[in-house]
Structures are given as structure tokens and as C-alpha cells.
Amino acid sequence: METVLFYIFAVLTVAGGVAMVSLRNPLSGAFALVMSMVGLAALYAMLHAEFVFILQVLVYAGAIMVLVIFTIMLLNLNREELHEVPVSRIRLLVMGAVCAGLAWAAVRVLDQVPQAKVEMVADFGSIEAVGRLMLTDFLYPFEVISLVLLVAIAGVVLLAKRRI
Amino acid sequence: MGPVGMHHYLALSAILFFLGVFGVLFRRNLIVIFMSIELMLNAANLTFVTFARYTGNMDGHVIAFFVMALAAAEAGIGLAILVMVFRNRATVQADDLVMMRD
Amino acid sequence: MTDAIIIALKAAFIWLFPLMLVPLLIWLERKGAAFIQDRTGPNRAAIAGVRLAGVVHILADVVKLLTKEMMIPAQVNRLYFVAAPLIGFTVIMAAFAVIPWADTLVVGGREIAMQVATLNAGILYILAITSLNVYGIVLAGWASNNKFALMGGLRSSAQMISYEIPLGLSIVGLFMVFQSVQLNEIVRGQGELLFGFLPKWGIFVQPLGFLLFLVAAFAESNRNPFDLPEGESEIVAGYHVEYSGIRFALFYMGEYVAIVLSSVMIVTLFFGGWQVPWMPTDKLVAHGDLLLKVMLGAGGAGALVFAAFMFTFSRRIRGAFGDLREREGTVLGIASLAAGAAMLFFFARSFGLTLPEWGARTVATVAQVTMFAVKTLFFCWFFIWVRWSLPRFRYDQLMRLGWKRMIPLSFVNILGTGLLLLLVG
């Protein structure tokens with residue numbers, strides 16, 4: 001069951017990534033990236049990282065990508081003039097087949113690797129554990145990153161003003 | 001299909017990272033370049049969380065949290081710069097923004 | 001196998017509960033608006049003369065929306081246009097998965113949590129899901145190829161992401177008081193007593209947090225006084241101006257589901273959720289027999305009173321209309337008379353009966369779910385009440401309120417709560 005879920009979300013994520021770098025319209029690319037991030041969030045949930053899963057949806061898919069999409073819409077960056085030769089269908093099919101073959105071979109190889117046994121604490125990935133770590137071992141980076149965010153906020157407001 | 005182990009997640013992370021690199025190198029639109037950078041950061045996050053899961057050490061989660069916060073800050077400033085560039089030059093194609101001539 | 005059935009039942013329940021409430025809320029909105037504005041409200045739509053005080057009107061609405069022509073404007077991206085209402089509706093329904101409807105039911109040696117998913121992150125899941133709701137609006141505004149829609153969509157999404165911050169920050173004080181992020185823990189914590197006589201509801205321990213959360217919840221569901229993005233007089237219905245038929249129905253229903261979600265959140269966080277005041281779960285289970293008698297007796301008496309009211313009503317309008325309408329009162333009266341008689345019959349039968357353990361627990365669960373539903377309905381009515389009482393905010397006033405007033409206030413709330421907890425211990 002876990003294997004099936006992993007492959008579903010992995011295919012979703014990779015498909016989103018491929019769509020993002022290959023679609024001409026940046027808005028479609030942005031939505032493909034959102035799909036990819038939601039797939040990644042599901043993968044984090046499968047890795048027992050509950051807090052990171054929530055953060056991925058809340059921060060990445062819910063805030064950062066909304067900001068990117070806002071910018072694209074406000075600046076009306078609809079179509080891109082790609083100065084390149086359009087790829088022929090046959091070439092796409094061949095590349096797709098080669099990639100699928102490589103992926104299948106990679107999966108076969110990866111399945112042979114022996115599994116490692118892992119000891120996890122009872123509240124692995126929970127908010128309390130992450131919070132405890134952040135306020136004890138990682139206190140200094142925590143304070144620094146609040147400073148970074150403050151500087152970023154001030155910088156963005158300054159940069160985006162029309163008249164300083 | 002056998003059970004899923006650490007190497008599957010790491011391979012997925014590598015694929016995503018290379019997709020991001022491809023996007024940065026081969027796309028000309030600044031927004032797509034920016035989103036490819038975000039994809040690379042996500043791939044790094046996946047690596048951190050995978051290692052956290054398979055060594056039982058939760059430092060990876062905390063570092064993933066910091067990477068996300070940094071990505072948010074970088075997104076804000078990157079997009080502000082992009083808006084300024086667009087205001088001045090009316091384009092976001094990297095080819096048209098080259099000011100240093102050979 | 002049993003686990004799968006239980007999860008399926010719970011999922012079906014959270015799917016049906018908002019959907020069943022939506023027609024009720026639409027009716028309540030129309031009739032409530034009329035009541036506040038001192039008029040009668042919809043009372044014309046009829047099936048063979050039967051009007052049921054405007055409930056048939058909702059059926060007429062549904063039929064109209066289903067049979068209207070679904071236009072897609074020219075030169076729009078069809079994928080985005082079609083996907084926007086789907087996203088808007090599906091995402092908001094998914095947020096009900098972590099709401100606890102009652103305390104954990106311990107039956108047959110099995111603990112059944114009365115929520116679909118017991119996530120460690122609890123309420124953060126709901127915040128994450130509501131932040132995904134912005135996509136439906138942004139897509140709808142953009143894909144409509146219409147300046148009004150774009151303006152409405154951008155304004156609405158800017159409003160929603162601005163008010164997500166006070167929404168999240170206002171409940172941090174609550175986390176500090178109840179020491180948990182999980183909703184069931186917060187509701188259980190609200191069963192204790194404060195100062196010996198007051199139930200420790202969220203509103204008593206966090207009044208400022210409640211106010212901030214209430215205002216932010218109004219803003220998040222795009223509801224008056226924050227409905228500028230869809231205000232009819234300002235921006236011609238904003239981001240859903242180009243939608244018709246079922247797609248518009250999805251947006252419309254999505255808004256009411258958002259009202260239900262906000263009410264459910266307010267009740268769970270600040271008004272004790274499924275807690276019956278002064279009666280924690282073990283007391284409810286211990287008095288299971290009495291509880292069953294009280295519920296049956298009160299239900300039966302209420303149904304009989306309603307039947308009496310219906311009979312006097314039918315007597316009053318006898319001969320006034322000349323069609324099937326006059327029978328409404330009689331039919332409803334007989335139906336509620338039958339229901340009341342049945343409940344009183346069981347009430348009488350229950351006197352010689354002692355409930356087994358699982359029976360008492362089930363009765364306690366039913367009582368808690370009923371309490372939860374009653375509280376939620378009150379807040380849904382509150383949303384409707386506020387809508388028809390207050391004028392709408394201007395956009396700059398809205399933004400100023402969110403960023404310059406509510407965020408500092410929520411920080412003050414967090415600081416104050418922290419200090420108070422430190423001092424009181």
C-alpha cells in the first residue's frame with residue numbers, strides 16, 4: 001500500500017516538475033509547480049514528517065506560490081516567445097520511452113538495495129519535538145532567520161515602491 | 001515492486017533537482033527560472049526529510065523549516081526585483097535583459 | 001474491515017453535514033434577511049400550492065441553477081475556467097476532516113475517535129487548507145477574461161491572504177492556554193471549570209482572541225462586512241460574474257460551506273465544541289439513563305408543542321387560500337404529533353430500562369453531537385445576522401484593518417496571554 005502511494009505521489013511530483021520546465025505559459029507552469037508541491041507534501045506525510053507536511057502546504061503551496069501567481073497575473077506575463085525549434089512528436093515519444101525505460105531500470109536497481117532498520121522516537125515529526133529542537137539546539141539559527149525575514153520584508157516594501 | 005526505502009526518496013529528490021537545474025539553464029523567462037530555483041530548494045528539503053526519517057534524527061525537519069523560511073524571504077525579494085525589472089524594461093525574457101555586450 | 005467501515009461512515013458524515021446544512025442556510029439567509037428588514041421573504045414558490053414557508057423556494061433555486069445554460073466566455077482558458085469552482089468547493093469540504101464531533105467513543109473495547117483524521121498538527125491542517133482556497137478564487141478571476149472578475153479575484157485573494165495571518169495568530173494564545181494544537185484536546189480542555197463555576201470555554205480565557213478570530217473568519221469566507229470582492233453594487237459580483245449554472249452553484253455552495261466551517265471552528269475553539277456545559281463526558285455516561293429520558297422527553301414535548309402550533313396555524317388560515325396550502329398545517333401537525341407520540345412512547349418505555357455500557361456511551365455521544373450542531377447553527381445564524389446588519393468595508397479600510405490593527409492586536413494578545421500564564425502559573 002505504501003509502495004503504491006509512494007509511486008502515485010512521486011509520479012505526480014515529477015510530472016508537475018516536468019510540466020513546469022517545459023510548458024510555455026508561465027502561469028500553467030506555476031500551477032504545475034503547485035501540484036508538484038502538494039505531491040511533495042504527501043511524500044513528507046509518508047515520511048512521518050507531520051509538521052513539515054503542514055508547513056509545505058501552508059507556506060510553499062499556500063503562500064509562496066500564491067505570490068508567484070499574483071505576480072504573473074499582475075504583470076500579465078502570459079505567453080513566452082520561445083526562440084527555439086518546436087520539438088517533433090516522434091522525438092518526444094522516443095525521449096519519453098527512453099526516460100520510462102531508465103526509470104524502470106532505476107527502480108529495479110533501487111529495489112535491490114537492502115533496507116536499513118531505523119529507531120524513531122515516539123513523537124517523531126510532531127510539532128512539540130520540532131519546537132523543542134528549535135528552541136534548544138537551533139536557537140541561534142531561529143533568531144537569525146527571524147532577522148532575515150525582517151530584512152526581507154523591509155527590502156520588499158522598499159523595492160516595490162514607486163516613489164521612495 | 002518492493003517496499004520503498006531511503007534510496008527511492010533520494011532518487012526522486014535527485015530527479016527533481018535535475019529538473020530544476022534544467023529549468024534554470026534552458027529557460028529564458030525569469031519567472032520560470034525563479035520557479036526552477038524553488039523546485040531545487042524543494043528537492044533539497046526532500047533529501048533532508050528523508051535522511052531525518054532514516055536516521056531517526058529530527059534535525060532534518062528543523063533544517064527543512066529553515067529552508068522554507070529562507071525560500072519565502074527569497075521569493076519575496078526575487079519577485080520584487082522582477083517587478084522592478086518589468087517596470088523598467090517591460091520584459092522578463094533573460095535574452096532581452098542582457099546589458100553587457102561583447 | 002470494521003475500521004474501513006467506520007472511516008467510511010465518518011467520511012460520509014462529514015460530507016453530508018455541510019451539504020445538508022447548505023439548503024437550510026440559504027433558506028435561513030433569505031427568511032432571516034426578510035425578518036431583519038421587516039418583510040416576509042420568499043413565499044411564492046410552491047408545489048401544488050404548498051409553500052412550506054419558503055423552503056420550496058430553495059428547491060426552485062436548485063432546479064434553476066441546474067437547468068440554466070452554462071456559458072463559457074470566448075477566449076478563456078477552458079481548463080482554468082472549469083477547474084476554478086471545483087477547486088473552490090472541494091478544498092473547503094476537505095477542511096472538515098479534523099473537526100471532532102464528540103468525545104472519543106469507547107465501545108466494545110475499541111476507541112473510535114469522532115473525527116475523520118487525528119492529525120498531530122490539528123488545527124494547522126485547517127489553516128493550510130483554507131490557504132489553498134485562494135487558488136479557486138484567483139483562477140476564477142483570471143480565467144474569466146473580464147476586468148471586473150480580475151479585479152474582484154485579485155482583491156478577494158489579497159484580502160484572504162491578508163486575513164490568514166490574524167486568523168492564525170489569534171489562536172496562538174489558545175494553544176498556550178490549552179497546551180495543545182489538536183482540536184480534540186482543546187475541546188476536552190474546555191470541559192474544566194474556571195473560578196469554580198464557569199466552564200473553561202475559549203471565549204472566557206481568550207476574549208480578545210475570540211474577537212480577532214471572529215473578524216478574521218468573516219474575512220476569510222468573503223462574507224459581509226468583508227464581501228467587497230463579490231459585492232453586487234461595487235464590482236458586479238466580482239470573481240464569479242462570468243459563471244452560470246452548476247459552476248455558479250458550486251461557488252455559491254462553497255461560500256455557505258465556508259460559513260459552516262467558520263462556525264464550526266468558532267464553536268470548537270471558543271465555545272466548548274461538543275462539550276455540554278458543566279457535564280463532562282464521564283458524567284454524561286454515568287447518567288446515561290437520565291440523559292436518554294431527558295432527550296426523549298424534551299424531544300417529544302417539543303414535537304407536541306410544534307404540532308399544537310401547526311394546528312392553531314391551520315385553523316387560523318382555514319379557507320383563506322382555497323388550495324392545498326391550507327393542508328400544510330394539518331399535515332405538518334399530524335407528522336409532528338406522530339413523532340412526538342413515538343418519542344413519548346419510548347420515553348415511557350425507558351423507565352424500566354437500564355442501559356448497558358455501550359448504550360450509555362452512545363447516548364452521551366448523540367447528546368454531544370446534538371449540542372455541537374445546535375451551537376454551530378447559532379453561529380451560522382450569527383453570520384447571516386451580521387451580513388444583513390452591517391455595511392461593507394471599503395478596500396483600503398479592509399486592508400488597513402487587517403494589517404495595521406488586527407496583527408498588532410494579535411501580538412498583544414499573545415504577549416498578554418504569555419505574561420498572564422507566567423504569573424498565574
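**Figure 1. Contacts along the chain C sequence.** Take the contacts in chain C between residues at least 6 apart in sequence: 78% of them join residues at least 24 apart. This is a predicted model. As for burial, 41% of the 425 residues of chain C count as buried.

**Figure 2. Overall build of chain C.** Counting up secondary structure, chain C has 17 helices and four strands. Its radius of gyration is 24 Å, close to the 22 Å from the globule rule for 425 residues, so chain C is as compact as a globular protein of that length. The C-alpha trace of chain C spans about 70 × 70 × 50 Å along its principal axes.

**Figure 3. The two domains assigned in chain C.** Domain 1 is written in two pieces, 61–275 + 391–424, while domain 2 covers 289–355. Going by C-alpha atoms, the centres of domain 1 and domain 2 of chain C are 37 Å apart.

**Figure 4. Helix 5 of chain A against helix 3 of chain B.** Two packed helices are described by the angle between their axes and the distance between the axes. Here the pair is helix 5 (residues 127–136) of chain A and helix 3 (residues 59–89) of chain B, with axes that come within 9 Å and cross at roughly 75 degrees. Angles of 65 to 115 degrees count as roughly perpendicular, and helix 5 of chain A and helix 3 of chain B are therefore roughly perpendicular to each other.

**Figure 5. Residues where helix 5 of chain A meets helix 3 of chain B.** From helix 5 of chain A come V130(A), L133(A) and M134(A); across from them in helix 3 of chain B sit D59(B), H61(B), V62(B) and F65(B). Sorted by type, the residues of this contact are five nonpolar, one polar and one charged.

Methods
Residues numbered from 1 in each chain as written. Chains lettered and ligands numbered in written order. Predicted model: local features only at pLDDT ≥ 70, side-chain atom pairs only at ≥ 80, totals over all residues. Axes fitted to C-alpha atoms, helices over the stretch in contact; angles between N-to-C directions. Helix = DSSP H or I, 4+ residues; strand = E, 2+ residues; numbered from the N terminus. Parallel < 35°, antiparallel > 145°, perpendicular 65-115°, else oblique. Contact = placed C-beta atoms within 7 Å. Nonpolar A, V, L, I, M, F, W, Y, C, P; charged D, E, K, R; others polar. Rg over C-alpha atoms; globule rule 2.2 N^0.38 Å. Buried ≥ 20, exposed ≤ 12 C-beta atoms within 10 Å, placed from the backbone. Domains from an automatic or database assignment.
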